[in-house]
Amino acid sequence: MQARKKYLLVAFLASWLLLFLLLLGDRLRRSAFISQPRAGSPRRWPRWADRSLLGSFADPEELQDRGAPSPPSPRLNASSRCRMENCFDLGRCRRHGFKVFTYPRQRGQPVSDSYGKILASLERSRYHTRRPEEACLFVLPIDTLDRDRLSARYVPGLGQKLGASPLWNGGRNHLVFNLYSGTWPHYGEELGFDVGQAMLAKASFDAESFRPGFDVSIPLFPRDHPQRGGQEGRLRHGAVPPRKKYLLAFKGKRYLTGIGSGTRNALHHIHNGKDIVSLTTCKHGKDWEKHKDERCDKDNVDYEKFDYQELLHNSTFCIVPRGRRLGSFRFLEALQAACIPVLLSDGWELPFSEVIDWSKAAVVGSEKLLLQIPSAVRCIHPERVLALQQQTQFLWDAYFSSVDKIVHTTLEIIKDRLLPHRSRPRFLWNVPPGGLLALPDFSTHIRDFPFYYLQHGSSPSDKFTAFIRVVSPLSQPVLRLIQAVSRSQYCAQILVLWSCEKPPPPLEKWPQITVPLSVIEGRREPSDRFFPYAAIRTDAVLSLDEHSSLSTSEVDFAFVVWRSFPERIVGFLASSHFWDAEQQRWGYTSRWTNELSIVLTAAAFYHRYYHSLFTGYLPAGLRELAGSLAACEDILMNVLVAAVTKLPPIKVAQRKQHKEAVKGTAASSSRGFSQQQDCLNQLVDWFGYMPLVSSQLRLDPVLFKDQVSILRKKYRHLERP
């Protein structure tokens, strides 16, 4: 019995010892082979990519050598721990809302073209204020973009100048823009002055010095980057790109010495002269010949054989290595060209990474694993390649094509931090039309916007609100219009915007109808019709004026069409724009032609969100312009919707010819027509391009005007006189 107990005890101890050894061995294997290096620690070339595999391409030691000593680590101080909670006065923003104040420009203190564009964008913003006591955010008048001490644009003594300003307050609630930091040889993060508690909107941001939720990483953009508008991407909206000649391409300078040279010196190893073109030149800097090596002559000759723009536009993937700093102009150039960026810049905090999912538009590689890039991009499925290319075009157009968009994206990111519970979800930033055009003040739920019904398999509400603007005393045409609209099976309510000088008549003077009717007193301004009134509860708005003449069948059919195209304007009276080569300006015509680009909102359906966008997105100056010119608010609404959707409006069939205006008014006179053309050209100047899209589409009911019995047609009254 005693012996049996001893055997059981020994077996029990042996099993525990075996289990301990197994767990210990598993932990050792994980720490030896599977563990990932810590951020910032040097990573060795993988063991499986050793000399035996790379013998015909490169010496592994060559790839391990970065060609320059690593820059010093950024110095930690109190500002490096800044967050919105401890370095930003949120109370200023609660008192007056999100307002931005730009310091008055100082005489004798010139600014660069790029910084002048940034200041102009801020002053054009709907958030700009001229009163510092109202400001939530302050922006300096002194050019801080280039903080390289060797640069001619470097502003010395910046710290003393800021200290003398009564508004500086240690940088609290300030936003500092910067494109170039540090200087030769390390090109680090230093700016030459203490930013204190100011937020940085900085290009080439190192992830180690980036303060998440406080700073903003912006792209490096060239001096000639457009103020507004910008060039279109190479792909049309939703188009399939043509098959490109090259799979992977790079053409650029090869740094012979210094930081960034290690990556660029190794790029020649992946060049095969067929579907992969990787060309470098040694001609960089005044003393490049002093550091010239045996490859330079051949590299320089091969470099001249290819045109950079042609290579950029005929390549599926474009290598974007770091330069002296982490970012480069090549990044935006690749996005615009629909060439998928392959990023080789370890530690770079990508532009607007707080809201943009770059995995959907770029390939993020490692500088140490350059030789894996060709095989990695070959393994990407064609459908994935197409998705990446289309996303580059969306991101370029939404956030990067102009200085205005870069600055406004920066402001919107900061504004979202102030009220996290009302901020845009990340999804809205990464699908068209983008975060700038999805206002959180309207909603933070994607189902409330007109752009996402199809993606989520939903539909807009099955009722509409009729919104009638009346500027004259109550007349019989208005009463007949109210009765015709109220008989629609889809009408939920009728709102009358009373913009007449005389007070509205009592309720007994209005027709007795089966749907609620309410009267709203307006300010007698044309843009009042696009104010986001709380009384509008349906997704669809039927915008009408007192001269509209529609039948119930016309209203029903137009609403059914709109529910299939809820992001567009659907209506009856169409106009178009054209380029007048003789006058060198845009022309406007209301003649009946095969093409249309404008549907007047005097009789049209659209989504109620466009009321919020018109009032909350457009600056006050633009709305004032629309109110000062005849029918300009109509054109502005069409331009706005086209800029958001990249699509034309839709014209539907009508029984009666809609009267645009009473004979003899300014809208029908030559003066009114001239004002419409002036309006169109001023809007194009403000947007920086022509947003309107032309179309030859008109939607009619089935069997419309066909020689068949009227009893076989659904909308019979459309064809009756």
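Reader: Why does Tyr452 count as buried?

Author: Tyr452 has a relative accessibility of 1%. Buried means under 20% relative accessible area, exposed means over 50%, and partly exposed is in between (1.4 Å probe, protein chains only). So Tyr452 counts as buried. Before we go on, this is a predicted model, where local features need pLDDT of at least 70 and side-chain atom pairs count only at pLDDT 80 or more, while totals for chains, interfaces and linings use all residues. Residues are numbered from 1 along each chain as its sequence is written, and side-chain values use heavy atoms, with hydrogens and water left out.

Reader: And what does Phe427 count as, at 30% relative accessibility?

Author: That 30% makes Phe427 partly exposed. Across the protein chain, buried residues come to 52% of the 721 residues.

Reader: How many aromatic pairs does a search of the whole structure find?

Author: The search turns up 32. Rings of Phe, Tyr and Trp (its six-membered ring) pair if their centres lie within 6.5 Å; planes under 30 degrees apart are stacked, over 60 edge-to-face, and the rest tilted.

Reader: What makes the pair of Phe427 and Tyr452 edge-to-face?

Author: Their centres are 5.7 Å apart, with 65° between the planes. An angle over 60 degrees is what the label asks for, so edge-to-face it is. Phe427 belongs to helix H15 (residues 426–429), while Tyr452 is in the loop between H15 and strand S11 (464–470), 25 residues apart. The whole chain has 21 helices and 21 strands.

Reader: What about Phe464 and Phe605: what are the distance and the angle for that aromatic pair?

Author: Those two are at 5.2 Å centre to centre, with 85° between the planes, which is edge-to-face again. Phe464 in strand S11 and Phe605 in strand S19 (residues 603–607) are 141 residues apart, so this pair links distant parts of the chain. Both residues are buried. There is also a cluster in which ring pairs link Phe331, Trp348, Phe352, Trp358, Phe394, Tyr399, Phe400 and Trp429.

Reader: What sits over the ring of Phe205?

Author: The charged end of Lys202, 5.1 Å from the ring centre. The rule is that NZ of Lys or CZ of Arg is within 6 Å of the ring centre and within 35 degrees of the ring normal.

Reader: Which residues in H18 meet which in H20?

Author: From H18 come Tyr610, Leu613 and Phe614, and from H20 Glu633, Leu636, Met637, Leu640, Val641, Val644 and Thr645. Contact means heavy atoms within 4.5 Å. By type, the residues divide into eight nonpolar, one polar and one charged. Nonpolar covers Ala, Val, Leu, Ile, Met, Phe, Trp, Tyr, Cys and Pro; charged is Asp, Glu, Lys and Arg; polar is the others, Gly among them.

Reader: How do you know that H18 is mostly covered?

Author: Six of its eight residues are buried, namely Tyr609, Tyr610, His611, Ser612, Leu613 and Phe614. They pack against strand S14 (540–545), S19, helix H19 (620–628) and H20.

Reader: Why is Asn300 called buried?

Author: Its relative accessible area is 10%, so Asn300 is buried. Asn300 is in helix H9 (residues 296–303). Leaving aside neighbours within four places in sequence, Asn300 is in contact with Thr280, Thr281, Cys282, Lys283 and Trp288.

Reader: Which bond joins Trp184 and Pro185?

Author: A cis peptide bond, with omega about 5°. Another cis bond joins Pro432 and Pro433, also with omega about 5°.

Technical notes:
Helices (H or I, at least four residues) and strands (E, at least two) are DSSP runs, numbered from the N terminus.
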